[in-house]
Amino acid sequence: MNAATFWNLLKRTKEVSAGDGHKQAELLYKALLELSADDILSYYIILTQLIDRAYSWDLWAAAHIINCGTGDDGFTDFRAWLICQGEYTFNQVLKDPELLVNIVEYPPDTMIEELGFYAPLEAYEEKTGHLLPDFPYEPAEISGEKWEEEDLRKKYPKLWTKFGDCSYMFGTT
């Protein structure tokens, strides 16, 4: 599998799922099962590389505002969700995370664990009867400048206006 095939797979599953992240995760799993074990491994490697590419303080600040706080695992889920939005969206948001104000409708939809590593790990195991093999991997260092929570309102004012009060968590949206 190459990058174009990876992105086409995500585009196809996003279109068929009509943006429902849980359905997209299910479709992605089924699509991966149709591939060879080598292609599933390639998908996993590309996904890992992209998740590492998105490992920035700027994107984490946006995810933190949108989700009323985001830890390490949640930020990984968020980055996987972003990748599943497609190549164009992914690249644009990496340049300007505040573009998420026009993309995110309901914040919990950005935290669907199954959109990350579960699909390729489970597909590979079902396909082969074995766990996904290890590959040489050096975790990425986070890029950019660390932020303080009290600075987020100024850093991303549009995101803060839409999500900063966390009202969706309390059913007041």
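Which hand does the disulfide of Cys-68 and Cys-166 have, judged by the torsion about its S-S bond? I opened the notebook with that one.

**Ground rules.** I am working from a predicted model, where local features need pLDDT of at least 70, side-chain atom pairs count only at pLDDT 80 or more, and totals for chains, interfaces and linings use all residues. Residues are numbered from 1 along each chain as its sequence is written, and side-chain values use heavy atoms, with hydrogens and water left out.

**The disulfide.** I found one disulfide in the structure, a term for a pair of cysteine sulfur atoms within 2.5 Å. Cys-68 is joined to Cys-166, with 1.9 Å from S to S. The torsion about that S-S bond is about -130°, so the disulfide is left-handed. Cys-68 sits in the loop between α4 and α5, and Cys-166 in the segment after α9 (157-163), 98 residues apart. (Helices are DSSP runs of H or I, at least four residues, numbered from the N terminus.)

**Accessibility.** I use buried for under 20% relative accessible area, exposed for over 50%, and partly exposed for in between, with a 1.4 Å probe and protein chains only. Cys-68 is partly exposed at 26%, while Cys-166 is buried at 16%. I also looked up Cys-84, which is buried at 0%.

**Helix α6.** In α6 (residues 87-95), I noted Thr-89, Phe-90 and Val-93 as buried. They lie on the same side of α6 because they cover an arc of only 100° around the axis, taken from the directions from the helix axis to the C-beta atoms. The face turned away from that buried side carries the exposed Tyr-88 and Lys-95. The buried residues of α6 pack against α1 (3-17), α3 (37-53), α4 (57-66) and α5 (72-83), with contact meaning heavy atoms within 4.5 Å.

Definitions and conventions: Helices (H or I, at least four residues) and strands (E, at least two) are DSSP runs, numbered from the N terminus.
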